[in-house]
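Biologist: I have the sequence and the model open. Can we go through some of the packing together?

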Amino acid sequence: MANGMGSIFVGHSGLKASQDSIHNVANNLANVNTNGYVRQQVVFRDARYSNLAYSKNNYKKLIGQGTSIGEIVHARDIFLDKAFRKENGRQAYYQASYDAIDEVQNFFQELEGTAFQQILDGNEGSLWQAFEEFSKDPSDMAAQNLVIQKASLFATRAQAVFKGLMDYQKDINIQISDNIDDINKYIKQIYQLNVQIASIESGGRETAMNERDARDYAIDQLSKYGNITYEERTNGTVSIKFEGELVADDMFFYQMGKQTDKLTGYITPYWPHLSNEDAGHYYEVFDFTREISTQFDTDIGELKALVQARGKTVSNFNDILNADPDVFDETVGLSIMQNTQAEFDQLVHGIVKQINDLLAPNKKMDSLVVRVQNADGSYSYSNYRNVKVLDEENCCVGVDGKKPPQELFTRSGCPRYKEVSAFDEETGEWRTFYMYNEEDVNDSEPYHMSNGQTYRVFNEENAMVSDMKIGPGVNGDGIKADGTLDIISDSEPKPYTPWDKPGNRKYTGQKINGHWIINEDYKYDTSKQYTSLEIEINFALLTDIKNLPHKHDNMEIAHDMAIKLANLWDDKTLAINPRYTESKYSYSEYYKEMIGEIAIVGSMYGTTAEKLEGTLSSVENHRNEVIGVSTDEELTRMIKYQNAYNASSRYIQTVSDMIEALVTGL
């Protein structure tokens, strides 16, 4: 009878094991669409055995008590997890980079029929065509009007492209901010789940399956934004690093900060816990001095791609002019937005400046002494070195015959010339000179020290100034009897810029081996530059087209000057990159080279992103074969467990009938 009742318990264990297995299948099916859920699989084992007796050989005589659930397997493949997370981050890096380049290409509208090149040198309605017509008859008002119209269109379109690039930088900046918020959310979530898992599993009897699923999903999501590494500890918690820095375990979590540039508003991700913010020292998350390469795993993460694509600031031609090739490659050249801005603006600057230099040509003077009358009637003197003034002998004028002649493109922050009273060494008199207002440009060059340190130093071929003292001369005008200046003292020449402001000095006042050091923090005044954002058509020409320079001093038509303007499009004057300054391009060639460069890089990023998407999909499919829930498989298991439940029920019924027969038969 005892064995009979024990047999009923065996059947009962089968019922319970089958019922729990059905519940497990139902749980899997209920979470088939739950993000991060890992299917749970039942593993059966024998229930405990009872010892009936010992044999003569001292072997135990055991009787089994049925079956039970040994464990519920939380199936994962750690190798597939690591492969998925790395490929997820790498694919996101190349996809984000490609999206940025694709957006840049859209600004030039090469595929929409309104390409910038059509405005530059197209056969109809281009600036080049306008100067071609102007060269045929510079005095023709229709040709002059065409030049003004196409120049206006060129300036407007150039500004639209440049502003579009700037606006997209702001869009990327918003994406960067959102990415940092998401990263911080996942870091905090991983920490909180670590704490919960450690608490639940501390007794050694329960596995925190749902919490582990949520943590693994958070790690999956975090892998999209940067290069992560992680390690599971013996207590079930995970310590995770982002770009080599510990961000979460079961004790602490460290979130990412946003360093915001006051001038641009651009956000740079940094680690607050590793920074000294009061001292202005920020430990940035990404080290862009390291080569971007799959070999070094430095091409991983959407956030890194966005920060790299946006760059640090807005660039213009200044960032290419006299730039150190290595510094350029590590800064401006690294960012698709800054690189495109600098190259495009160099094209615009080159066109505008060379046109203006033909319409209102300058010449360089080794020395120009300028005097300014003070309020008390006395004079102050400055001796400018290597200064540019209007070349009055070779310039052309409009119908009014006035000098200085009108330039076609103006800067928003200053006129082209400044009238000064200066000493004319040829005539020995003080007269009016038209001194060219130099652009606020990068007038420096790299200087490499023997200890490996590099400075930017002043290029002495550019304008210099020194204060000086002049005596009364013969008639109190500072001129001696021989027609020369009565110079008492002349100080050492020093670098000069008229755009220096308090707190924004261009030169530090220090010298290195005789070279003046440029202030690295100097902010160039773009309103004093012929740059895309600051150029506009000369208002004086808009009100009176006939004053566009087209005549010589003797009022003859300046066909030679007009032909030079038309031929500018054939001159090879622009180098597209500081590293290859020997390769010069015409305007058309430069533009094609620039667009081709963008297209090649975009194709590389796009192809790589597409291939990685296929690789990622393949890894994810293999991983889902392990962790994913298949409704067909789960329904098959449910039928199996249902049949096992029915079999156990039939078994119990049979044993019950047998016991009843025995009891009633006694």
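Biologist: Which residues of α7 are buried?

Modeller: First, this is a predicted model, where local features need pLDDT of at least 70, side-chain atom pairs count only at pLDDT 80 or more, and totals for chains, interfaces and linings use all residues. Numbering starts from 1 along each chain as its sequence is written, and side-chain values use heavy atoms, without hydrogens and water. Buried means under 20% relative accessible area with a 1.4 Å probe, protein chains only. Nine of the nine residues of helix α7 (residues 302-310) pass, so the helix is largely enclosed by the rest of the structure: Glu-302, Leu-303, Lys-304, Ala-305, Leu-306, Val-307, Gln-308, Ala-309 and Arg-310.

Biologist: Which residues does Asn-173 contact, leaving aside its neighbours within four places in sequence?

Modeller: Asn-173 sits in helix α5 (residues 141-201). At 10% relative accessibility, Asn-173 is buried. A polar atom of its side chain lies 2.7 Å from the backbone nitrogen of Ile-267. Contact means heavy atoms within 4.5 Å, and the partners of Asn-173 are Gly-265, Tyr-266, Ile-267 and Arg-310.

Biologist: At what angle do α2 and α9 pack?

Modeller: Helix α2 covers residues 78-108 and helix α9 residues 336-359, with axes 10 Å apart. Angles under 35 degrees count as roughly parallel, and α2 and α9 therefore fall in that class. Their packing angle is about 25°.

Biologist: Which residues of α9 does α2 meet?

Modeller: From α2 come Ala-100, Ile-101, Val-104 and Phe-108. On the α9 side are Ile-336, Met-337, Thr-340 and Phe-344.

Definitions and conventions. Axes fitted to C-alpha atoms, helices over the stretch in contact; angles between N-to-C directions. Helix = DSSP H or I, 4+ residues; strand = E, 2+ residues; numbered from the N terminus. Parallel < 35°, antiparallel > 145°, perpendicular 65-115°, else oblique. Buried < 20%, exposed > 50% of the residue type's maximum accessible area, 1.4 Å probe, protein only. Polar contact = N/O pair within 3.5 Å; in protein donor to acceptor, adjacent residues only side chain to side chain.
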